[in-house]
Amino acid sequence: MEKKIALSGVKPTGAPHLGNYFGAMKQFVELQNDYEFYAMIADYHALNFIQNAEEMQKNILGVLLDYLAIGLDPRKVTIFKQSDVPEHTELAWIFDTITTVPYLKRSHAFKDAEAKNKEINVGTFNYPMLMAADILLYDTDIVPVGSDQKQHVEYARDTAEKFNRLYGKTFKIPEPMILKDVATVPGTDGQKMSKSYGNTIPLFAEPEEIKKYVMGIVTDSVASIPKNVFAIHALLRPDKELRFLYHAKAGKYKELKEMLIEDLEKFIAPMREQRKALARDIPGALGILKEGGEKAKRVAERKMAEIRKKIGVSL
Ligand code: TYM
């Protein structure tokens with residue numbers, strides 16, 4: 001039987017954190033055996049945030065090493081960057097022409113930016129259309145993401161349905177895959193872990209950094225259980241075991257944080273070392289990216305040829 005298709009992406013905007021990993025990237029590794037998996041580096045999406053060539057290059061290479069270090073196997077997974085497949089931006093344009101402004105204005109990301117009175121660039125406004133193109137070009141069945149991306153997958157579904165209604169069946173309707181327990185991984189202050197809130201714990205943190213970040217966790221407590229420490233610890237140990245431990249050490253915040261530091265170091269160290277080893281062979285990593293880009297492009301080109309026919313621009 002043919003494997004189903006899964007696709008997801010990470011923006012190269014800086015060091016990934018535990019929220020990225022537990023909310024999404026860990027699932028990539030788990031799905032790679034059973035799905036035809038596309039792991040994308042969303043560099044054109046990141047262009048909304050990073051407008052410095054050197055930083056962009058460094059971050060792209062960063063996500064590539066991150067993907068390999070967490071255990072994505074390039075023999076099974078197509079690791080590629082969005083900008084290597086120009087069909088993504090081409091299809092995004094076609095989607096723009098069947099999408100209305102009020103519909104895009106409903107996006108949470110747009111509304112957040114508007115609420116902050118930010119000058120909103122067109123790239124931010126159109127973000128969901130480029131993401132719809134990413135997903136739909138590959139006949140994707142499932143999109144493993146954290147819950148903050150749910151609305152974006154809904155945009156992709158709506159856009160596929162709209163195109164199919166207008167031009168005849170062309171796109172599969174993708175499903176988001178969001179794991180309940182890690183849909184929104186909390187940060188050190190209890191809000192969603194996010195680079196923009198400055199409340200992250202980096203996935204590849206060095207021991208000293210782990211210590212610093214954990215000691216900085218806000219210790220609001222319920223019945224002498226520091227809930228933010230517990231919530232992050234819950235990523236690493238079964239709930240029942242953790243409840244027992246936290247009740248036994250109720251009120252001993254420092255001890256509990258020290259336990260979390262130890263558990264995080266145990267969990268992070270092997271991936272961190274693996275990443276360092278991979279960083280010693282940058283040409284090897286770049287070769288993987290090139291090959292992945294070529295493979296993704298072949299698939300996207302085929303789909304684009306069908307789309308161009310459907311809309312009537314191929315003569
Ligand atoms: P990005 O780069 O912001 O985040 C990568 C993945 O991490 C998840 N995530 C979280 N999950 C749980 N708890 C958190 N605190 C948390 N923070 C981040 C995100 O949900 C995401 O799955 N738009 C996407 C990138 C993208 C994409 C795509 C994804 C571009 N094209 C096509 C899927 C399919 C983004 O900005 O992710």
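This is a predicted model: local features need pLDDT of at least 70, side-chain atom pairs count only at pLDDT 80 or more; totals for chains, interfaces and linings use all residues.
Biologist: Where is the kink in H1 centred?

Modeller: The kink is centred on Ala24 and amounts to about 40°.

Biologist: And is H1 mostly covered or mostly open?

Modeller: H1 is mostly covered, with ten of its 14 residues buried. Ala24 is one of the buried residues, and others include Tyr21, Phe22, Met25 and Phe28.

Biologist: Turning to H12, how many residues does it have?

Modeller: Helix H12 has 26 residues, 253-278. Its span from first C-alpha to last is 37 Å, close to the 38 Å expected at 1.5 Å a residue.

Biologist: Where does H12 bend?

Modeller: H12 bends at Ile268, by about 35°, and Pro270 follows within four residues. Ile268 is itself buried, as are Ala269, Met271 and Arg272, among others in H12.

Biologist: What covers the buried residues of H12?

Modeller: The cover includes H1, together with helices H3 (53-69), H9 (207-215), H10 (227-233) and H11 (239-248), and strand E7 (225-226).

Biologist: Another topic: at what angle do H4 and H13 cross?

Modeller: The axes of H4 (residues 87-96) and H13 (residues 282-311) cross at roughly 25° and come within 10 Å. Angles under 35 degrees count as roughly parallel, and H4 and H13 are therefore roughly parallel to each other. The crossing is left-handed.

Note on methods: Residues are numbered from 1 along each chain as its sequence is written. Side-chain values use heavy atoms; hydrogens and water are left out. The bend at a residue is the angle between axes fitted to the seven residues ending there and the seven starting there. Helices (H or I, at least four residues) and strands (E, at least two) are DSSP runs, numbered from the N terminus. Buried means under 20% relative accessible area, exposed over 50%, partly exposed in between (1.4 Å probe, protein chains only). Axes are lines fitted to C-alpha atoms, for helices over the stretch in contact, and angles run from 0 to 180 degrees between N-to-C directions. Angles under 35 degrees count as roughly parallel, over 145 as roughly antiparallel, 65 to 115 as roughly perpendicular and the rest as oblique. A crossing is left-handed if the near helix is turned anticlockwise from the far one by less than a right angle, and right-handed if clockwise. The expected span of a helix is 1.5 Å times one less than its number of residues. Contact means heavy atoms within 4.5 Å.
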